[in-house]
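The following report describes one protein chain for a reader who is new to structural analysis. Please keep the sequence and the model in view while reading.

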Amino acid sequence: MNRLRIDPGAFDAWSALPVYFQEQSPFYLEGEVSTPTAFIELVGHGIVAEADVLLVETTERPDDRYWLVPSVAVGVYSLVDLLSVDFHHPLLRTGSYDATTDYVTLKRLWDDGYRVPSKRWTRDSYEAHLARERQFEYHTPPTTLCEHCASDLSVRYGQQLAERLMECHLEADEQIWVCPTCHQAIHFK
């Protein structure tokens, strides 16, 4: 097994996971996995996180303010440290994987689907593309006219705000200035 499953009716994962990720605090989840890292699945929702498994032990449930139901006598618990959390990940959909999906496939789906707007990107290529575009983030655009939809943002927002809203998009090393909506749409193509 490569997933630790959380019942959202028994453990408030929607609140706990962001807190534990931000604090970089290990915490216990019920269950065990056979891999050194595990995916955390919310029952009825999908996979929301990846974590290192630090320890597995049979014990009474450790205290945690996010448990919503009283403790059971003794069980198997894994001490995990979150590597990443994403409540908007494509694996947070039913039908993206099933009970027989192996760890390697889930790892690839998690890595490739992470904040990637379309199938033409991998995580690495998309992050590299965004890094190249961020080099132009503080440049004053030569225009407030979107080169994609031809909307002039200065008409709606005024010159100063329009200049701040314009975004640089790089396509085949050619730089174009577009409005934020068109920029996002271009990345989704």
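## The largest pocket

The residues of the lining of the largest pocket divide into ten nonpolar, six polar and seven charged. In this division Ala, Val, Leu, Ile, Met, Phe, Trp, Tyr, Cys and Pro count as nonpolar, Asp, Glu, Lys and Arg as charged, and the others, Gly among them, as polar. The model is predicted: local features need pLDDT of at least 70 and side-chain atom pairs count only at pLDDT 80 or more, while totals for chains, interfaces and linings use all residues. Residues are numbered from 1 along each chain as its sequence is written, and side-chain values use heavy atoms, with hydrogens and water left out.

The largest pocket has a volume of about 520 Å³. A pocket is defined on a 1 Å grid over the protein atoms alone, as an open set of points where a 1.4 Å probe fits, with protein on both sides within 12 Å along at least five of seven lines; lining residues have an atom within 4 Å of a point. Grid points are joined across faces, edges and corners, and the volume is the space filled by probe spheres set on the points.

Which residues lie nearest the centre of the largest pocket? Of the 23 lining residues, these are Glu-133, Glu-137, Glu-167, Cys-168 and His-183. At least two lining residues each come from α3 (123–134), α5 (159–165), β6 (167–171) and α6 (180–188). The largest share, five residues, is supplied by α6. Helices (H or I, at least four residues) and strands (E, at least two) are DSSP runs, numbered from the N terminus.

## The nonpolar cores

The largest nonpolar core contains 24 residues, and those with the most contacts inside it are Phe-11, Leu-17, Phe-27, Leu-29, Ile-40 and Leu-82. Two or more residues of this core come from each of β1 (3–6), α1 (13–23), β2 (27–30), β3 (37–42), β4 (46–59) and β5 (75–85). Apart from this core lies another, of 13 residues, including Cys-146, Trp-177, Val-178 and Cys-179. A nonpolar core is a set of buried Ala, Val, Leu, Ile, Met, Phe, Trp, Tyr and Cys residues joined through side-chain atoms within 4.5 Å.

Leaving aside neighbours within four places in sequence, Leu-82 is in contact (heavy atoms within 4.5 Å) with residues including Leu-17, Phe-27 and Ile-40.

## Individual residues

Buried means under 20% relative accessible area, exposed over 50%, and partly exposed in between (1.4 Å probe, protein chains only).

| Residue | Relative accessible area | Class |
|---|---|---|
| Gly-46 | 2% | buried |
| His-129 | 7% | buried |
| Ala-150 | 54% | exposed |
| Gln-24 | 65% | exposed |
| Thr-100 | 70% | exposed |

Gly-46 lies in strand β4. Beyond four places in sequence, Gly-46 touches Ile-40, Glu-41, Leu-91, Leu-92 and Tyr-97. His-129 belongs to helix α3 and, with the same exclusion of residues up to four places away, touches Trp-121, His-169, Leu-170 and His-187.

Most residues other than glycine have a negative phi. Gln-24, in the loop between α1 and β2, has a positive phi near 55°. Ala-150, in the loop between α3 and α4 (153–157), also has a positive phi, of about 70°.

Thr-100 is found in the loop between β5 and α2 (103–113). Its side chain makes a polar contact with the side chain of Asp-98 at 2.6 Å. A polar contact is a pair of N or O atoms within 3.5 Å; within protein, one must be able to donate a hydrogen and the other to accept it, and residues adjacent in sequence count only if both atoms are side-chain atoms.
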